[in-house]
Amino acid sequence: MSQRPSSGRIIKAPENFLSPAMIAEVQRGRRDFLRGAFASAITGATATVASRAVAQSTSLGDPNILELPEHTKGLGQPVAATPYGMPSKYEANLQRRESPGLTRVSAASVSFCPLQGLFGIITPSGLHFERHHQGWWDIDPTKHRFMINGLVKKAKVYTMDDLMRLPSVSRMHFIECGANTGMEWGNVAVPTVQYTHGMLSCCEFTGVPLSVLLEDCGFDKLKGKYILAEGADGSSMTRSISIERALDDCFVAYAMNGEMLRPENGYPLRLVAPGIQGVSWVKWLRRLEVGDKPYATKDETLHYIDLMPDGTHRQYTSIQECKSVITTPSGGQTLMDRGYYNVSGLAWSGRGRVKRVDVSFDGGRNWKTAKLESPVLSKCLTRFSIGFNWDGSPAILQSRAIDETGYVQPQMRQLRQVRGTRSIYHNNAIQSWKLDTNGEVSNVHVG
Amino acid sequence: MAKCLTYMWVRRAVIRLLKSLLVAAALLVGISAIAQQQYPDIGRAATPAEVKAWDIDVRPDFKGLPPGSGSVAVGQQIWEAKCESCHGTFGESNEVFTPIAGGTTKADMETGRVASLRRPDFPQRSTLMKLSQLSSLWDYINRAMPWNAPKSLTTDEVYAVTAYILNLGDIIPSDFVLSDKNIAEVQARLPNRNGLVKFMPMWDVRGKGDVSNTACMTNCATEVTLSSTMPDHARNAHGNIAEQNRLVGPVRGADTTKPPPLAMAVAREVPIAAPAPAKAVTGAELARKSTCVACHVANRKLVGPSYADIAKKYAGDSSAVAKLMDKVRKGGAGVWGVIPMPPHPEMTDADIKMLVEWSLQGGK
């Protein structure tokens with residue numbers, strides 16, 4: 001790691017001292033001959049110096065091939081050396097990170113998902129973004145209880161044993177914080193896609209549909225219009241959800257990406273509310289209440305309300321509208337050369353499937369339709385990609401998603417015309433990345 | 001012949017009818033099976049005491065609000081003891097959380113709309129500027145405050161703290177006692193009580209958004225001017241972006257500790273992530289890296305002895321380090337059985353010493 005990792009390109013040796021005959025010998029595999037040739041070519045050179053010379057030679061090839069590495073010549077590590085597997089140490093740069101200055105207390109803060117380095121649509125569990133309102137806990141699942149009360153025939157208590165016995169579903173859904181991209185309403189504020197869009201993740205969740213649980217308690221189908229979901233942590237986060245959403249596709253999840261939820265994501269139980277902003281996916285879920293009116297909780301009255309130019313706040317703005325962003329290349333990244341790039345990104349809609357994604361390389365004047373990679377699922381991230389031959393001239397990259405309702409992701413300008421610049425929440429504007437002649441990509445707003 | 005045909009037609013019709021009745025019956029059975037599909041042996045009835053312990057939410061119509069009362073004066077005492085350190089004496093602090101009080105006027109209390117919310121230049125939005133439902137404030141203090149000891153306040157203390165906050169905004173006078181009896185009247189004084197709009201298009205999944213774009217493909221009427229860019233001084237404000245990107249792939253993170261390069265960097269000169277800060281290598285890591293763990297583990301014999309056994313055997317032997325270093329370097333056999341330990345000429349003396357010392361402590 002102390003050495004700068006090479007690009008894999010072959011760097012010219014300082015001098016061309018090998019004859020075509022010698023090269024031919026090497027190609028025939030006569031390496032001993034080669035070493036001899038070097039020893040005589042470089043007066044007083046040691047074997048080490050000679051092999052370094054080989055390493056640099058255009059004619060001979062890449063030292064990573066020619067000099068067999070330690071891992072090819074030694075004994076590797078045993079099974080279960082790390083009983084719970086970890087990413088390679090070379091991947092340590094891809095981490096959840098806080099945005100400096102955004103919050104003042106890290107127990108009521110956000111860590112952003114490193115979208116700039118992810119592939120496909122599934123977020124690795126350890127990189128799922130975090131948003132805690134009063135710190136996180138690792139709750140003993142044998143002591144966790146889940147209650148349903150309110151407008152039900154029979155208020156019930158379930159243990160985790162009970163919940164995990166019930167019929168379950170496994171579904172892939174995105175979760176996006178309502179405040180994702182919130183720092184960008186007024187002007188460019190943060191440099192990379194991790195900070196502009198990283199309050200976004202997508203996992204396969206497993207759990208019990210609310211329809212099963214509400215039916216099991218005999219909820220009041222006439223009067224029951226809302227449910228309140230409540231967490232077991234100190235903040236005991238509460239959010240209202242319409243009964244229609246609850247019965248449609250919401251579920252209580254205990255698993256994520258094939259294992260139990262991570263503590264930071266609500267172990268042992270959280271609400272999954274597809275298409276609805278992340279704050280409603282109540283973590284460490286302890287209770288659902290069926291009611292006839294919405295609850296106007298703190299996070300529905302004082303936060304997660306969208307300030308409009310006329311000074312009113314919009315309440316119950318829950319649905320995450322259609323949005324997309326190019327992740328490769330994206331802000332803070334550098335293209336290393338001219339030529340071909342597979343431009344790729346993510347698109348999603350809280351109202352259903354993504355129907356199409358268009359990409360522009362000229363700041364929105366002209367668009368080309370990108371390829372959607374399968375699967376394309378409802379209320380789930382969709383990966384798109386499009387080829388790009390960069391000739392070295394400046395460009396402005398944008399993506400524009402269209403969902404199955406026909407809704408077209410808006411421009412920043414169009415959002416501001418209606419909602420002003422102080423709304424904080426629900427910024428689903430088209431993102432612009434400027435590609436400079438020096439290869440650097442940066443976050444810009446296009447007027 | 002005609003009679004015969006009629007008979008067949010009737011017969012077929014009867015069969016069709018019977019079939020469809022059967023299907024309908026089957027559907028009915030199916031539906032009733034679903035309706036009755038309950039899991040009587042899963043979960044149990046909640047006791048009234050359990051529901052009471054957890055069902056603490058208070059709605060805008062004050063359903064769920066427990067009876068009680070608290071004065072501004074008592075609220076101030078609690079505030080100074082438990083709230084002030086984060087929120088400031090007058091709820092004005094912006095240090096830890098956003099301000100609670102400030103930005104509201106008597107005129108706002110008349111209209112129920114906070115005028116400063118219309119001003120783009122107004123620096124902060126305080127809690128009282130936004131507060132439209134008093135139940136939200138009471139409920140939140142009751143369930144989540146104080147920050148580090150949520151749910152530790154008594155019901156009367158929650159009334160008192162709520163009263164103190166309302167007094168900070170001049171919504172109630174200093175001698176006021178807030179209670180379940182008068183809370184609805186106080187609700188009617190809130191400066192921003194008319195400031196919330198329930199926005200259905202983004203509540204209903206089938207709703208239509210309020211902002212629309214078109215899917216224009218060519219020569220779109222878009223003015224491509226840069227309205228905002230990252231200021232130069234903020235280049236490294238989020239840390240070195242090179243260290244937040246992968247070491248391989250089509251792109252690298254820009255080295256934001258340096259100004260942007262004037263021209264495109266050729267591949268080998270592209271700044272790449274600095275190595276992770278070197279951690280002190282431990283004996284355990286060394287053992288793993290040197291594949292000692294293939295034959296030795298902490299507490300049981302594998303191919304070779306466990307670290308615990310090694311520690312036990314050489315306890316108190318002052319020459320053990322030198323002896324074992326030699327064994328690791330040159331290999332050996334016979335002490336622990338017939339299977340020899342291979343020599344490790346590739347290891348440095350310093351690494352061998354660390355490994356041996358670590359082994360002699362039982363691999364801890």
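Tutor: Rings of Phe, Tyr and Trp, the last by its six-membered ring, count as a pair if their centres lie within 6.5 Å. The model here is predicted. By that rule, ring pairs link A:Tyr226, A:Tyr316 and B:Trp203 into a cluster.

Student: How many aromatic pairs does the rule give over all chains?

Tutor: The count over all chains is 12. One of them is formed by A:Phe146 and A:Tyr158.

Student: What makes A:Phe146 and A:Tyr158 an aromatic pair, and why is the pair called tilted?

Tutor: The centres are 6.1 Å apart, and the limit is 6.5 Å, so the two rings pair. The planes make an angle of 35 degrees. Stacked needs under 30 degrees and edge-to-face over 60, so this angle falls in the remaining class, tilted.

Student: Where in chain A are A:Phe146 and A:Tyr158?

Tutor: A:Phe146 is in strand 3 (residues 145–150) and A:Tyr158 in strand 4 (residues 156–159), 12 residues apart.

Student: Are A:Phe146 and A:Tyr158 buried or exposed?

Tutor: A:Phe146 has a relative accessible area of 0%, and A:Tyr158 is also given as 0%. Buried requires under 20%, so both values qualify.

Student: What makes A:Arg314 lie over the face of B:Phe199?

Tutor: A:Arg314 is at 3.6 Å from the ring centre of B:Phe199, and the rule asks for CZ of Arg within 6 Å of the centre and within 35 degrees of the ring normal. In chain B, B:Lys198 lies over the face of B:Trp203 at 5.3 Å from the ring centre. The distance limit of 6 Å applies to NZ of Lys as well.

Student: How do you know that a disulfide joins B:Cys216 to B:Cys220?

Tutor: The distance from S to S is 2.1 Å. The cut-off is 2.5 Å, so the pair counts as a disulfide. The structure holds one disulfide over all chains. With -105 degrees about the S-S bond, the link is left-handed.

Student: Why is A:Cys380 in no disulfide?

Tutor: The nearest cysteine sulfur, that of A:Cys202, is 3.7 Å away. A:Cys380 is buried, at 0% relative accessibility.

Student: Where is A:Gln409 found, and what makes it buried?

Tutor: A:Gln409 is in the loop between strand 22 (395–403) and helix 11 (412–419) of chain A. Its relative accessible area is 0%, and buried means under 20%, so the term applies. Leaving aside neighbours within four places in sequence, the residues in contact with A:Gln409 include A:Cys322, A:Ser399, A:Ala429 and B:Asn213. A polar atom of the A:Gln409 side chain lies 3.1 Å from the backbone oxygen of A:Ala429.

Student: How many residues of chain A count as buried?

Tutor: Of its 447 residues, 60% count as buried.

Notes. Residues are numbered from 1 along each chain as its sequence is written. Chains are lettered from A and ligands numbered from 1 in the order in which they are written. This is a predicted model: local features need pLDDT of at least 70, side-chain atom pairs count only at pLDDT 80 or more; totals for chains, interfaces and linings use all residues. Side-chain values use heavy atoms; hydrogens and water are left out. Buried means under 20% relative accessible area, exposed over 50%, partly exposed in between (1.4 Å probe, protein chains only). Helices (H or I, at least four residues) and strands (E, at least two) are DSSP runs, numbered from the N terminus. A polar contact is a pair of N or O atoms within 3.5 Å; within protein, one must be able to donate a hydrogen and the other to accept it, and residues adjacent in sequence count only if both atoms are side-chain atoms. Contact means heavy atoms within 4.5 Å.
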